[in-house]
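Please keep the sequence and the model in view while reading.

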Amino acid sequence: MEFAELIKTPRVDGVVLHRPFMPTVEGTLCLTGHHLILSSRQDNTEELWLLHSNIDSIEKRFLGSLGTIIVKCKDLRMIQLDIPGMEECLNIGSSIEALSTLDSVSLMYPYFYRPMFEVIEDGWKSFLPEDAFKDLEAMTDEWRLSEVNRDFRVCTTYPPLVAVPRDVDDDTLRKAAGFRHGGRFPVLSYYHKKNGMVMMRSGQPLTGTNGRRCKEDERLINATLRPGKRGYVIDTRTISVAQQAKARGGGFETEANYPQWRRIHKAIERSNVLQDSLVKLVEACNDQSHSMDRWLSKLEASNWQTHVKEILTTACLAAQCIDREGASVLVHGTEGTDSTLQVTSLAQIILDPACRTIQGFQGLVEREWLQAGHPFGQRCSMSAYSNSKPRHEAPGFLLFLDCVWQVLRQFPCSFQFTEQLLVLLFEHAYASQFGTFLGNSAAERVRLSLPEKTVSLWSWVNRPQEIDHLSNPLYEPNSLVIWPSVAPQSLLLWEGVFLRWNRSPRCQEEAREETVHIIEHNKELQNKVNSLRRQLAQLETQEPPLQTP
Amino acid sequence: MEHIRTPKVEQVRLLQRRAGQRKPLLGTLYLSATHTIFVENHPETRRETWVLHSMVSGLERPPGGPTGSQLVLRCKDFRVFHLLFPLERDCVDVHASLTRLSRPESYSELYCLSINPNTNQEEREKSWSLVLPSQDYQRMGLPNNLWVATAANSEYKMCDSYPAQLFVSRWASPAVLMGSSRFRSRGRLPVLSYFHQDTLAAMCRCSQPLSGFSGRSEEDEQMVTAVMKANPGSDFIYVVDTRPRLNAMANRAAGKGYESEDHYGNIKLHFSGIDNIHVMRSSQQRILDVGEQRTPSMSDFLLGLENSGWLKHIKAVLDAGVFIAKAIADEGVSVLVHCSDGWDRTAQACSVASVLLEPYYRTMKGLMVLIEKDWVSFGHKFSHRYGHLDGDPREVSPVLDQFLEVLWQLAQQFPCAFQFNERFLLDLRTLAYSCQEGTFLGNSEKERRSLRLQERSFSVWSRLWREREKYWNPLYRAEQSQTQGVLRPNTTPYCFKMWKGLYSPAETPAPPAQMPVDLLSSVREGSQQLEQELANQQERLAALTGEPISYQKVEVPKRKINQSQLRYSGPDPPTTYSYPITSPAQDHGSSHHAAEPANQKTRRPAAGLSLPLEPPGSGKGRDPDDLSSDLESGVADLSVGDEVIGGQNGEEAGLSSE
């Protein structure tokens, strides 16, 4: 097959591997179609299995006939391979470069991967829109599931089933879709059980410079308002960016045409700006020679923390409108596939305790990111070390995970999962043996036959041993709305991702072990005391025989 | 009492914004001889706020409005109270009274000397014997054949800012001691601070030599050689001058300076670059301003943090400690530490190094002893630095704050290494400033002795020790690896964070019960009670069945978590290929592939336990339908003002959660 042509030298002996916080290993380096493997062929020694798709870029250096390849991964790790022989080194280097940048999705590893674990529940069927709708139906009858997008004709980035107001027919939806960017007409994102308010999301309205309007679009979103109530449109762009969008056919909801809605503009950055921030941040984290002043000014200059603050602030605002103001909300930016999803998904973390469970969080990612059409394939094809010029790459999903981590850190007992689940999702969004994050939309996933040909990440996560591994020992279900602080001093750098390979994790792991131990010991004691209590109660009623009738 | 013009004012409003309070409380203000007390009118809560006069650092009277006259009360623990008086006259009176009361002119006005300690003489005497430097010298195995006690300073004649009890090298004769003392600033000659029993290397401290550009003293050079001789494993010592090199050089013009490597043949000089007390004072003011910004942007905050220079200074102090600890533990070389006078930066560097070197100093008692020895007995000028009396504001500087913050930064890296928690550090800091006990009063041992403090007041340590329950770190375990041996912190700049607990306490959204430290502490307490109950049950069981008591200890094996390694190797290898090497993932049970069921065994929980945890009993506010009370979730009153919603400019639509 094609892979063989790309592999000029399949194996090299005497290669030395250097990794952060691990002893160096000498062994045989092998290249296969999907992996870079280093094995020492000795018992009990580490081996390296690295997916080519996890490699962001490589750097070659030579010292005499000894070549060195620095492999920079999408998960931000850097490893070094010392390869004897210049030719071998060059061959390995060019093979890695070719194999890590394969264009065709069908050549990706998930199509070749066969699970080595028992699939208890097929993850492709774990979070279907119709199942999510059943929960909604139990709370309200104001919404229906529309099949208007059955064949992905109305909107190429929406799933076949979407929740819309019951009183709005499919024809109206089709017309509204024509008035929204990418056909993304307003659909239900979240229903707030406490007061019946909703959050919707969409693409920008296509008002253009001459102020086009669309009665059906107005009818659609007005149908979500209770009589006499008003709603809020949260536009994730600044007013000036939204104004400029008019020139390209886009725009925003004007007061004249949407009198029942008040518009708020926020300033969430997108695409290239975010990618640029990520590159700068990772660069700053990897330079350990900085003085304190230089580190702080580079951290500031990366703007990463500013993005985190802005996204969280906007999500809090949306949650506030719904929970405190008792108003419904429509969120959109330009396409409605990036900043929009950051806001709608984070607002649900704040409002809905169910999203803070392991299953619920997966459901949220499935609903608000995968089904909602975030183009993972495009956004996550390169990470912070890539040398090529970014096209559609942007760390929008990583920023969302970072924001979730900030909330989790502020409410350490309110989440059923730990930071590990977030790190895991970051890794798999960029490179994975599972098909979950392949493709850019529900339509593409169908076209690529992903559910039939690949394994879902959720199939792997939802096994008892993995759930156990991701569980937060401090978790106590908290049914309340949790309001995170968005003050700058409350938002920290996410060390678990950005400093993960720069600091030894041992001490933090020890702390986690100790935490788990304290809690398990307490439970075991409780069990023991309860069982003895029962035993004693039994004995005490038996011993003095028949004292009372 | 003669300073109190108005002992009681009614209908006063109090607002404490830094504690996250948004609406002022209405109540009555009382002035006592020692405290300002505010009692809320609200009949149900009647919340009381007590502010010790010695904690007041500043009073301001901003121009009043139509609703009354304002008084702003700033405290040394960075609390800020805004008081609103209906009548201007009351405001003026309270301002005048507090101005006088918060600036006592003599020690006898201080709280710790205003209470009558003779009510419980036995307890008082016990309180002073809880923590003694002599215990620590004993613990280090002193005196021994290298280091001996000297009586040269028993009457504070050689050096009035040193303790009476000093340990010096056995090779230093009385004449050498005297000569060296004469050649050192304020007579602070090189004496022992810490002795490392494994390497026999020692940490000594002193002040700068009076060398000027070329001055030298034979005795002082002999003294330094004597320090070196007391370490049989090394033929040189490090002299750590904790000042920036330039400052040290500038001091030569004033007839002071540092040791020349030419004159002292067996030393290696090292400068640590810690700035002086004046730089630190203004730096702390700047980081405080950063914490007090009303709605800063992320850039404002990060640039403010950078411009304050505070974390840079904290890093310099830790770096100095790391250098000393490495020299002693890794190289086995003795170190002589000094700055200018040897009572500020020297105290910091020595005690940081001690904490890194010695697990004992990471316990609650150990830290108390360390502060008693390195700070209190060696003449750190507590009363000057923490402004106990009305005096020169240029003497005030957050020297101890920085040491405590270094400990906090270390605890971030080593969460299980310290027996005490953050609250201990914060309370310790407050006690140093408020001087409610005699321990920190005065500027030297000599001064404290002449004040007969042990007869007139209590020791701070017994107070902290009495309340030790609230200071435990639940994660501390004596047997853990980070508890043992030398701590080797990472001092890359990104390892330092702003100490929110001190500089921005309001920004903690989760209620205390939701913080891991408090939660784990209460779980551990619960476990202790359960163990007690278990023992009782077993006794009763034995009584009922007639069988001998069989005490069973409940042991849960600790699970190893090694996430980084487990997930290090990326996705699990495929089975559809055959590789040139034997398929390692299937052959080795101990391989490290994340998706491998085999290695999951290592982190299976004990039998009968499965996570996720079940919700423990339905506690208050945990009813899923009770969504009305989410005020408890932390941020109160996030009301969206009309000016926020609908604001055309996205920038100003910031959330009001600051």
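Is A:Glu59 buried, partly exposed or exposed? A:Glu59 is partly exposed, with a relative accessible area of 31%, where buried means under 20% relative accessible area, exposed over 50% and partly exposed in between (1.4 Å probe, protein chains only).

This is a predicted model, in which local features need pLDDT of at least 70 and side-chain atom pairs count only at pLDDT 80 or more, while totals for chains, interfaces and linings use all residues. Residues are numbered from 1 along each chain as its sequence is written, chains are lettered from A and ligands numbered from 1 in the order in which they are written, and side-chain values use heavy atoms, with hydrogens and water left out.

**Salt bridges**

- Over all chains, the structure holds 67 salt bridges, a salt bridge being a side-chain nitrogen of Lys or Arg within 4 Å of a carboxyl oxygen of Asp or Glu.
- One of them joins A:Glu59 to A:Lys72 at 2.8 Å, N to O. This pair links distant parts of the chain, with A:Glu59 in strand β5 and A:Lys72 in strand β6 of chain A, 13 residues apart; strands (E, at least two residues) and helices (H or I, at least four) are DSSP runs, numbered from the N terminus.
- A:Lys72 counts as buried at 16% relative accessibility.
- A:Arg237 and A:Asp235 meet through their side chains at 2.9 Å, N to O, in a salt bridge. A:Arg237 is buried at 3% relative accessibility, and A:Asp235 is buried at 0%.
- In chain B, a network of salt bridges links B:Asp136, B:Arg139, B:Arg205, B:Glu358, B:Lys373 and B:Asp374.

**Strands and sheets**

- Strand β3 (residues 35-39) of chain A is largely enclosed by the rest of the structure, because five of its five residues are buried.
- From β3(A), A:His35, A:Ile37 and A:Ser39 point one way, and A:Leu36 and A:Leu38 the other way.
- β3(A) pairs with strand β2 (residues 22-31) of chain A in the antiparallel sense over four bridges, where two strands pair if DSSP finds at least two bridges between them. Three residues separate β2(A) and β3(A), which form a hairpin.
- Four bridges also join β3(A) to the antiparallel strand β4 (residues 48-51) of chain A, and A:His35 stands opposite A:Leu51 in β4(A).
- Elsewhere in chain A, five strands make an open sheet in the order β10-β11-β14-β12-β13, with mixed pairing. β10 and β13 stand at the edges, each with a single partner strand, so one side of each is left without a neighbour in the sheet.
- β12(A) and β13(A) pair in the parallel sense over five bridges, with A:Gly231 opposite A:Trp261.

**Helix α9 of chain A**

- Helix α9 is mostly covered, since 19 of its 20 residues are buried.
- A:Thr314 lies in α9 (residues 304-323) and is buried, with a relative accessible area of 0%.
- Not counting residues up to four places away in sequence, A:Thr314 touches A:Ile234, A:Lys266, A:Ile268 and A:Val343; contact means heavy atoms within 4.5 Å.

**Cysteines**

- The structure holds zero disulfides over all chains, a disulfide being a pair of cysteine sulfur atoms within 2.5 Å.
- The sulfur of A:Cys413 is 17 Å from the closest cysteine sulfur, in B:Cys416, which is too far for a bond.
- A:Cys413 is buried, with a relative accessible area of 1%.
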